[in-house]
Amino acid sequence: MSAPIFHRHKLAETIAKRTLSPRGASGVFISAPRRTGKSTLITEDIIPFLKTAGAEVIYVDLWADRSRDPGDLISEAIREHLQKQEGVILRWARRGGVDKVSVAGIQLNIDKVGIGTGKTIAKALSELSDATKSMIVLVIDEAQHAITTEAGASVLFALKAARDQLNGSAHHGFRLIATGSNRDKLSLLVQGKDQAFLNAALLDLELLGDDYLLWEIDQYDGDIKPSLKVLQTGFHAAGHKPESLRKALDDLAFRSDVTPENVDILFQSILDKIMLDAKKGFMRQVNALPPVQAAILIVMALTGSDFAPFRPHTIQNYLNTSALLTDEEVKILLANVFDVIPYTGLPIIFNSNQLT
């Protein structure tokens, strides 16, 4: 039996309608902290609404496999969707008077969708839109990861070309929903003058609230339920992350010493321990980093929003901090900074193999 899901139908309908409307033509970018219910809202509520409205939806999560280039993941998601709709595209081609040999050419090119090979993304999505007579909606989860590689950035520009082409009167439209767990990094995709989706809408996703907490209390199968007030306090302290809250509730349900008088105190102590363990786990990962990577992370943390990874003073700070962590002579390489990305999601394209 699958776990129950808290649905946010009204919010999903609002976002989906905005996306499908003319106001969504430039793209809709949605920011929310990681593990706060963003992906669940997308996959369980927004995408079903888009499909019910008649859209052809393609979904890709750029953090599903972080060993893969994000550009490849986007292209692969489009290829796989085209393959699923192969029969529809073939029937559309035949109605247009295309013979079987040419249709086979389309079929073969389906395997070559991507940057620099075979059919362009704009051409492939145009054919899909025409064949299905539907608006194409591409949903990219953790989209800020796309500009960490040259291929990813190139795919974004290819999608811009597809958007401009499909939103013309000859086709049925294209929309992009791009989500991100860090607003500053996601904003680079819509505010950077060299970015493909400059001036697209950037929305802050509403965090889960009391309606969600009441739903969790209703789902709770322990004999004595904690109060809404302690859940509100704990949920806020846990960064509005359902995973931490649910684990605390599960652990509480297995306790044999729960009474109406101590239930809230026990719940809060369990949640505090969960958050402390998570912090210790993160610090173990940080402390296990080699000196150069640890130095880069320290400089990032100390600099904050003013962090500029390639400025001479930043590079010198890497070196100075590394000297405090090791007696060995160090060099700051491109790979060193990329190794820190899993801890930061740094959305920077590096063009030099060695910084110093």
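Me: How do the residues lining the largest cavity divide into nonpolar, polar and charged?
Reply: Keep in mind that this is a predicted model. The largest cavity holds about 50 Å³ of space, and its lining includes Phe29, Ile140, Leu156, Gln195 and Phe197. Sorting the lining of that cavity by side-chain class gives nine nonpolar, one polar and no charged.

Me: And how many cavities of 30 Å³ or more does the structure hold?
Reply: The largest cavity, with about 50 Å³ of space, has Ala143, Leu176, Ala178, Leu189 and Ala196 among its lining residues. Counting the cavities of 30 Å³ or more in the structure, you get two.

Me: OK, on to pockets. Which element gives the most residues to the lining of the second largest pocket?
Reply: That pocket has a volume of about 730 Å³. Of its 30 lining residues, the closest to its centre are Pro4, Tyr212, Glu216, Pro242 and Arg246. The elements that give two or more residues to this lining are α2 (38–52), α9 (210–219) and α11 (242–253). The top contributor, with six residues, is α11.

Me: How many of the residues in the lining of the second largest pocket are charged?
Reply: Glu216 and Arg246 are among the residues closest to the centre of this pocket. The lining as a whole has 14 nonpolar residues and five polar ones, and its charged residues number eleven.

Me: Let's do salt bridges. Which residue does arginine 35 meet in a salt bridge?
Reply: Arginine 35 sits in the loop between β1 (28–31) and α2, and its partner is in helix α11, 208 residues apart from it. Arginine 35 counts as exposed because its relative accessible area is 51%, and the cut-off for exposed is over 50%. The N to O distance in the bridge is 3.1 Å, and the partner is glutamate 243.

Me: Are glutamate 142 and lysine 38 buried or exposed?
Reply: These two form a salt bridge, with the closest N and O atoms 3.1 Å apart. The pair links distant parts of the chain: glutamate 142 is in the loop between β3 (136–141) and α7 (150–166), and lysine 38 is in helix α2. As for accessibility, both glutamate 142 and lysine 38 are buried.

Me: What about arginine 68 and glutamate 76: what relative accessibility does glutamate 76 have?
Reply: Arginine 68 and glutamate 76 form a salt bridge, with 3.1 Å between the closest N and O atoms. Arginine 68 is partly exposed at 29%. Glutamate 76 also counts as partly exposed, with a relative accessibility of 25%.

Me: Is tyrosine 220 buried or exposed?
Reply: Tyrosine 220 is in the loop between α9 and α10 (228–237). Its C-alpha atom is 9.7 Å from that of leucine 252, which is 32 residues apart along the chain. The relative accessible area of tyrosine 220 is 8%, and the cut-off is under 20%, so this residue is buried.

Me: Last one, about the surface: how much accessible area do Ile298, Leu302, Leu324 and Leu325 have together?
Reply: These four form a nonpolar patch on the surface, and the elements giving two or more residues to the patch are α13 (291–303) and α14 (312–325). Leucine 325, in helix α14, is partly exposed, with a relative accessible area of 41%. Together, the four residues of the patch have about 440 Å².

Methods:
Residues are numbered from 1 along each chain as its sequence is written. This is a predicted model: local features need pLDDT of at least 70, side-chain atom pairs count only at pLDDT 80 or more; totals for chains, interfaces and linings use all residues. Side-chain values use heavy atoms; hydrogens and water are left out. Patches are made of residues with over 30% relative accessible area and no salt bridge: like charges are joined within 9 Å, nonpolar side chains (Val, Leu, Ile, Met, Phe, Trp, Tyr) within 5 Å. Accessible areas come from the Shrake-Rupley method with a 1.4 Å probe; for residues, only the protein chains shown count as cover. A salt bridge is a side-chain nitrogen of Lys or Arg within 4 Å of a carboxyl oxygen of Asp or Glu. Helices (H or I, at least four residues) and strands (E, at least two) are DSSP runs, numbered from the N terminus. Buried means under 20% relative accessible area, exposed over 50%, partly exposed in between (1.4 Å probe, protein chains only). On a 1 Å grid over the protein atoms alone, a cavity is a set of points where a 1.4 Å probe fits but cannot get out, and a pocket is an open set with protein on both sides within 12 Å along at least five of seven lines; lining residues have an atom within 4 Å of a point. Grid points are joined across faces, edges and corners, and a volume is the space filled by probe spheres set on the points. Ala, Val, Leu, Ile, Met, Phe, Trp, Tyr, Cys and Pro count as nonpolar, Asp, Glu, Lys and Arg as charged, and the others, Gly among them, as polar.
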